[in-house]
Amino acid sequence: SNNIEAHAKFLYFIIEILNKYSDIKIMFKPKNDFEEYFSKTLTREPAKFLSDNKNFNILKKDQISTSIYSISDLIVSMSFTSTGVEAMKMGKKSFYVDLLNNFKNSYFDCFENLVSHSNESALKNFEFWKNLNSENVTKKYEKILNDMGINNKNEPTEIVRKEINKANKIQINV
């Protein structure tokens, strides 16, 4: 559901993080092969910059997400992939970025610091989650996961699909 412009903005956001925090290491798991970014005008330049950056690691698209979460401190996802909810379920710091503001007033916007609709709010959320201690992460997620109906018996992908389908039905009926 994210177009090439959204991907470009996401890549530029990553560059901004790398420029601001020289000690940050980023593992990037693309939905498709990272090389596809080189074939698109909007993503070619940021993809080149990132692929040359020593603090940016490109993972294989088919790598299992949970293996990445286990060694990650913070997961930043484009809107609204199941990876964000999967990370929350594992107790990992996580938030979504919607830098084109395509999904304003989504279900996930009900939760403070969970969605960023601009670079400025994404940087603020990055700082918020980066500095949040693990005890407070657990407290924050307890409310979010309970509200979403996520428990040990269901999968985040089911919840994300259900909420997107519900939102799409509401938009179609308007």
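Modeller: Let us begin with a term. A crossing is left-handed if the near helix is turned anticlockwise from the far one by less than a right angle, and right-handed if clockwise. Please also bear in mind that this is a predicted model.

Colleague: Understood. Is the crossing of α1 and α5 left-handed or right-handed?

Modeller: The crossing of α1 and α5 is right-handed.

Colleague: At what angle do α1 and α5 pack, then?

Modeller: The angle is about 50°, and the axes of α1 and α5 are 11 Å apart. The two helices are therefore oblique to each other.

Colleague: Which residues make that contact?

Modeller: From α1 come Phe13, Glu16 and Ile17, and from α5 come Asn119, Ala122, Leu123 and Phe126. By class, the contact of α1 with α5 has 5 nonpolar residues, 1 polar and 1 charged.

Colleague: What about α1 and α2, how do their axes cross?

Modeller: Helix α2 covers residues 41–51, and its axis comes within 9 Å of that of α1, with a crossing of roughly 30°. That angle makes α1 roughly parallel to α2, because angles under 35 degrees count as roughly parallel. The crossing of α1 and α2 is left-handed.

Colleague: Which residues of α1 and α2 are in contact?

Modeller: On the α1 side they are Ile4, Glu5, His7, Ala8, Leu11, Tyr12, Ile14, Ile15, Leu18 and Asn19. On the α2 side they are Leu42, Thr43, Glu45, Pro46, Ala47, Phe49 and Leu50. The residues of this contact of α1 with α2 divide into 12 nonpolar, 3 polar and 2 charged.

Colleague: Now α4 and α6, please. How far apart are their axes?

Modeller: The axes of α4 and α6 are 10 Å apart, and the helices pack at an angle of about 125°; α6 consists of residues 134–148. This makes α4 oblique to α6. Their crossing is left-handed.

Colleague: Let us change topic. How much space lies in the largest pocket?

Modeller: The largest pocket holds about 1,500 Å³ of space. Its lining comprises 48 residues, and those nearest its centre are Phe10, Lys29, Val76, Ser77 and Thr83.

Colleague: Which elements give two or more residues to that lining?

Modeller: They are α1 (4–20), β1 (26–28), α3 (65–69), β3 (74–78), α4 (82–89), α5 (119–131) and α7 (156–173). The largest share of the lining, 6 residues, comes from α1.

Colleague: How does the lining of the largest pocket divide by class?

Modeller: There are 23 nonpolar, 13 polar and 12 charged residues in the lining of the largest pocket.

Colleague: How many cavities of 30 Å³ or more does a search of the whole structure find?

Modeller: The search of the whole structure finds 1 cavity of 30 Å³ or more. The largest cavity contains about 50 Å³ of space.

Colleague: What lines the largest cavity?

Modeller: The lining of the largest cavity is formed by Asn2, Ala6, Phe10, Met78, Ser79, Val97, Asp98, Leu99, Leu100 and Asn102. By class, these are 6 nonpolar, 3 polar and 1 charged. Phe10 is also among the residues nearest the centre of the largest pocket.

Key: Residues numbered from 1 in each chain as written. Predicted model: local features only at pLDDT ≥ 70, side-chain atom pairs only at ≥ 80, totals over all residues. Heavy atoms only, no water. 1 Å grid on protein atoms, 1.4 Å probe; cavity = no way out; pocket = protein on both sides within 12 Å on 5 of 7 lines; lining within 4 Å. Points joined across faces, edges and corners; volume = space filled by probe spheres on them. Helix = DSSP H or I, 4+ residues; strand = E, 2+ residues; numbered from the N terminus. Nonpolar A, V, L, I, M, F, W, Y, C, P; charged D, E, K, R; others polar. Axes fitted to C-alpha atoms, helices over the stretch in contact; angles between N-to-C directions. Parallel < 35°, antiparallel > 145°, perpendicular 65-115°, else oblique. Contact = heavy atoms within 4.5 Å.
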